[in-house]
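Morning, everyone. Let me put the chain on the screen, and then we will walk through it.

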Amino acid sequence: MSRTVYVNGEWVAEENAKVSVFDRGYLFADAIYEVTAVANGRLIDFTGHAARLARSLEALGIKPPVTNDVLKTLHFEIIRRNELTNGLIYLQISRGAEDRDFLYSASLEPTIVMFTQARNVLANPRWETGISVATVPEGRWSNRQIKTVQLLYSSMAKMEVQRKGADDALFVEDGFITEGTSNNFHIVTSDGKLITRALSNALLHGITRSSILDIAEKNGIPTEQRSFTPDEAKSAAEAFITSAGVFVMPVIAIDGQKIGDGKPGPISQKLRSLYIQHSIDTSEGP
Ligand code: PDD
């Protein structure tokens, strides 16, 4: 079925959607993006995603092509036009198109593109099995708090570890884990404390991460924000990743070493069900 996508103010069938070959998103990865989950036809954590989008645009000096209110209306409209019940909305804004030059004009009009991906975000079969991850050296640029489309290193790292049998890669810098290829990484200690890396330019400020920290605190799960090594993670009681795509996904092995008893842990599972409840309670519909 052909999706209806949004390109620069127009709703078009996906096969007719066009962006210039001179677009700086295409030539320079000069673009930022957001991925927002949709559950039961409603937006999850939209306020956080819109706020981070604004921060990413500001950091790159790209002028916001639409206001936050219009952005929300566009999200509702793409759900409606694609009859999306559960899935993801991808939004990308690039600086715009002009003849190729490392220097760009201040007057560029940003390119905005949105599309949907239908997927049962409320019932991920991997939640039951958990996933395995493998550590790789951090190789991304040093402004990872900006959600840019420079995803080549992350994509290659994930391909490489999948060839070796792991599901995802975990980046390590100066001896400490930064995050996963497209998710934040967390551990739970044997005394039930949730540990996650503190925010800095070393990692994306995940919207799901932030909600999970709030939910943990409200439900009596102590939290601590600090860096930790792969060795500490391997000897943790539990580990899990968070993102808009997988919510809370247990990690059952790191570099082939079992975490805990090698099964999804109770705190990870509890946080996931609390997150789903929170998502539904705070979701936004038209
Ligand atoms: N990725 N870290 C990185 C590098 C990410 O790309 C993502 C999200 C996250 C989690 O952020 P959030 O909880 O706001 O989704 C952390 C999206 C889902 C993607 O690229 O598809």
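First, a term: helices (H or I, at least four residues) and strands (E, at least two) are DSSP runs, numbered from the N terminus. With that in hand, look just after α3: Glu-83 takes a positive phi of about 45° there.

Some ground rules. This is a predicted model, where local features need pLDDT of at least 70, side-chain atom pairs count only at pLDDT 80 or more, and totals for chains, interfaces and linings use all residues. Residues are numbered from 1 along each chain as its sequence is written, and side-chain values use heavy atoms, with hydrogens and water left out.

Now the domains. Their bounds come from an automatic or database domain assignment. Domain 1 covers 4-118, and domain 2 covers 126-282. Their C-alpha centres lie 26 Å apart. The contact between them takes 20 residues from domain 1 and 19 residues from domain 2; contact means heavy atoms within 4.5 Å.

How much area is buried between domain 1 and domain 2? About 1700 Å², with carbon and sulfur atoms giving 64% of it. Buried area here is the accessible area (1.4 Å probe) that two parts lose on being put together, summed over both. On the domain 1 side, Tyr-33, Asp-45 and Arg-52 lose the most area to domain 2, together 37% of what that side buries.

A salt bridge is a side-chain nitrogen of Lys or Arg within 4 Å of a carboxyl oxygen of Asp or Glu. Polar contacts do turn up: seven residue pairs, both at pLDDT 80 or more. A polar contact is a pair of N or O atoms within 3.5 Å; within protein, one must be able to donate a hydrogen and the other to accept it, and residues adjacent in sequence count only if both atoms are side-chain atoms.

Which elements of domain 1 touch domain 2? β3 (31-39), α2 (46-60) and β5 (87-94) each supply at least two residues. The largest share, seven residues, comes from α2.

Back to α3, residues 68-81. Its 14 residues should span 20 Å at 1.5 Å a residue, and the end C-alpha atoms are 20 Å apart, which agrees. The expected span is 1.5 Å times one less than the number of residues. Buried residues in α3 are Leu-71, Leu-74, His-75, Phe-76, Ile-78 and Ile-79. Buried means under 20% relative accessible area, exposed over 50%, partly exposed in between (1.4 Å probe, protein chains only).

Arg-81 is also in α3. Is Arg-81 buried or partly exposed? Partly exposed, because its relative accessible area is 38%. Its side chain makes a polar contact with the side chain of Glu-77, at 2.8 Å. Not counting residues up to four places away in sequence, Arg-81 touches Thr-4 and Trp-11.

Move on to the loop between α3 and β5, where we find Asn-86. Asn-86 has a relative accessible area of 17%, so Asn-86 is buried. The side chain of Asn-86 reaches the backbone nitrogen of Asn-40 at 2.8 Å. Beyond its neighbours within four places in sequence, Asn-86 is in contact with residues including Val-38, Gln-117 and Leu-122.

Next, charge pairs. Side chains of opposite charge can pair when their charged atoms come close. The count by our rule comes to 18 salt bridges.

One of them joins Arg-24 and Asp-30, at 2.7 Å, N to O. Arg-24 is buried at 5% relative accessible area. Asp-30 is buried too, at 8%.

Arg-144 sits in the loop between β7 (131-137) and α5 (152-163), and Glu-173 in strand β8 (residues 168-173), so the pair ties together parts 29 residues apart in sequence. Arg-144 counts as buried at 7% relative accessibility, while Glu-173 counts as partly exposed at 24%.

Asp-255 is partly exposed at 34%; Lys-234 is buried at 14%. Finally, salt bridges that share partners join Glu-138, Arg-140, Arg-144, Glu-173 and Glu-179 into one network.
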